[in-house]
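I opened a notebook for this structure and wrote down each thing as I looked it up. The entries follow in the order I made them.

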Amino acid sequence: EPGMDASLQARRAIETGLRLALARKEFRLVFQPVLNIEENRISAMEALLRWDHPERGVVPPGEFIPIAEETGLIRPLSLWILERALRDRLAWVEAGIDLGVAVNLAPDSLQDLDLAPVVAELLARHDAPPWRLTIEVTETAMMKNPARAQAVLTAIHAMGVRISIDDFGTGYSSLAYLKELPVDEVKVDRSFVQDASASRRDACIVRSVIDLGHNLGLKVVAEGVEDEPTLERLRGWGCDLAQGWRLGRPTSADEYRLRHRP
């Protein structure tokens, strides 16, 4: 059908563009602040990928990341994100801004048994203490080959790198992963945080995750914090960290450095 044909053509165009994008330097990172609620200071930045397509403009990650995963292009892309995030962090440190950095890893990355030594080499190259890097993985990323993913994460965690479960509560095996994986923090999905003011059930879920995380010795991050009442509510519940537009919109590494240079 015509609609299916157009969709297939668009998909092929993205796949072709992806193969050229790294060489043409069309990808860039933006960073969203992570607030330490108790200390009321920015403690880290999460790296977010953007693709500036020469014809289509900014392509949303949801459109090209699945295709990158299916075609095997996600591995070089993931390594580029990790290397660039650590390089940008080093530039902040040299400017007097010592922050941690968080990087999302695609599911296929957790199947790569060579990932741990690569991470170690990048940390050394960019003079980054391991504990200043947080690797974020989703629960669904564990489902392809849980044993191999656990082995990869365990090797990375053994270096001192922090491990975070992203979008916590939206998968099917949350508690099992908390039991089996070397996890340092959980991120409460924005869908629960944003509705916590209007929904008693969502509020109970957020508070329960905070209590569960603390009882397990984990830090808890709330995503999707877009106003002051939400931030104050999380503060009252004892949440450790927060992200969202209330704390700052994503910005380039250079822009953040120029704005916050001591």
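**Helix packing**

I began with α4 and helix α5 (residues 146–158), which pack at an angle of about 25° with their axes 9 Å apart. That angle makes α4 roughly parallel to α5, because angles under 35 degrees count as roughly parallel. I noted that the model is a predicted one.

I then looked up the handedness, and α4 passes α5 in a right-handed crossing. Next I listed the residues that meet. From α4 they are Leu 115, Ala 116 and Val 119, and from α5 they are Val 152, Ala 155 and Ile 156. Sorted by class, this contact of α4 with α5 has 6 nonpolar residues, no polar ones and no charged ones.

I turned to the other helix that packs on α4. Helix α3 (residues 74–94) and helix α4 (residues 115–125) pack at an angle of about 25°, and their axes are 9 Å apart. So α3 is roughly parallel to α4. The crossing of α3 past α4 is right-handed.

Which residues of α3 meet α4? I found Leu 79, Leu 82, Glu 83 and Leu 86 on the α3 side. On the α4 side I found Leu 115, Val 118, Val 119, Leu 122, Leu 123 and Arg 125. The contact of α3 with α4 divides into 8 nonpolar, no polar and 2 charged residues.

I looked up Gln 111 and placed it in the loop between β4 (100–104) and α4. Is Gln 111 buried or exposed? Gln 111 is buried, with a relative accessible area of 13%, because buried means under 20%. Leaving aside neighbours within four places in sequence, I found Gln 111 in contact with Ala 141, Lys 144, Asn 145, Arg 148 and Ala 149. Two of these contacts, Arg 148 and Ala 149, fall in helix α5 (residues 146–158).

**Cysteines**

How many disulfides does the structure hold? I found 0 disulfides. To see why, I looked up Cys 204, and its sulfur is 16 Å from the closest cysteine sulfur, in Cys 239, which is too far for a bond. A disulfide needs the pair of sulfur atoms within 2.5 Å.

Cys 204 is partly exposed, with a relative accessible area of 36%, whereas Cys 239 is buried, with a relative accessible area of 4%.

**Positive phi**

My last search was for backbone angles, since most residues other than glycine have a negative phi. Lys 25 is not a glycine, yet it has a positive phi of about 60°. I placed Lys 25 in the loop between α1 (2–24) and β1 (27–36). Lys 25 is exposed, with a relative accessible area of 74%.

Asp 167 is not a glycine either, and its phi is positive at about 55°. Where does Asp 167 lie? I placed Asp 167 in strand β6 (residues 162–168). Asp 167 counts as partly exposed, at 26% relative accessibility.

Notes
Residues numbered from 1 in each chain as written. Predicted model: local features only at pLDDT ≥ 70, side-chain atom pairs only at ≥ 80, totals over all residues. Heavy atoms only, no water. Axes fitted to C-alpha atoms, helices over the stretch in contact; angles between N-to-C directions. Helix = DSSP H or I, 4+ residues; strand = E, 2+ residues; numbered from the N terminus. Parallel < 35°, antiparallel > 145°, perpendicular 65-115°, else oblique. Left-handed = near helix turned anticlockwise from the far one by under 90°. Contact = heavy atoms within 4.5 Å. Nonpolar A, V, L, I, M, F, W, Y, C, P; charged D, E, K, R; others polar. Buried < 20%, exposed > 50% of the residue type's maximum accessible area, 1.4 Å probe, protein only.
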